[in-house]
Amino acid sequence: MIRTSTRQFKAHDNILLHTIKRQAGTFPKGVLEGTMNGIESGASRIDLLLEYDDSGVHFQIKDDGRGIATKQELIEHFEYFATPHGEDEEKIWAEFRMGRAQLFCFGRNVW
């Protein structure tokens, strides 16, 4: 008789930070990713703002695309990293909701 059991696959907490740092290749790649996210959200306008002041460099990507509309969406898309997109979302480039990590390593991110 063969005994089997089902176990939950786990990963160390540091793997997420490691993955984010490895994906964040360059700042321009992060800007491209942020711009692509705007396009995929249906934005008709995407503004890139770069400012310098006494506190440092500030960079913003703003778009008028469909944003996160509910607390539940925020939890689903940001609390869980790398959630696959559904076929009904009709994404061009997006696959696993990981692209935003390309900007995480270059400063404080506000969504």
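**The hairpin and its surroundings**

Modeller: Strands β1 and β2 form a hairpin with 2 residues between them, where strands are DSSP runs of E with at least two residues and helices are runs of H or I with at least four, numbered from the N terminus. This is a predicted model, in which local features need pLDDT of at least 70 and side-chain atom pairs count only at pLDDT 80 or more, while totals for chains, interfaces and linings use all residues. Residues are numbered from 1 along each chain as its sequence is written, and side-chain values use heavy atoms, with hydrogens and water left out.

β1 covers residues 46–53 and β2 residues 56–63, and the two pair in the antiparallel sense over 8 bridges; pairing requires that DSSP finds at least two bridges between the strands. Within this pairing, I46 stands opposite D63 in β2.

Along the sequence the chain follows the pattern α-α-β-β-α-α, and helix α3, at residues 71–79, contains E73. E73 is buried, with a relative accessible area of 15% (buried means under 20%, exposed over 50%, partly exposed in between, with a 1.4 Å probe and protein chains only). Leaving aside residues up to four places away in sequence, E73 touches R66, G67 and I68, contact meaning heavy atoms within 4.5 Å. With R66, the side chain of E73 also makes a side-chain polar contact at 2.4 Å (a pair of N or O atoms within 3.5 Å, one able to donate a hydrogen and the other to accept it; residues adjacent in sequence count only if both atoms are side-chain atoms).

Of the 111 residues in the chain, 21% count as buried.
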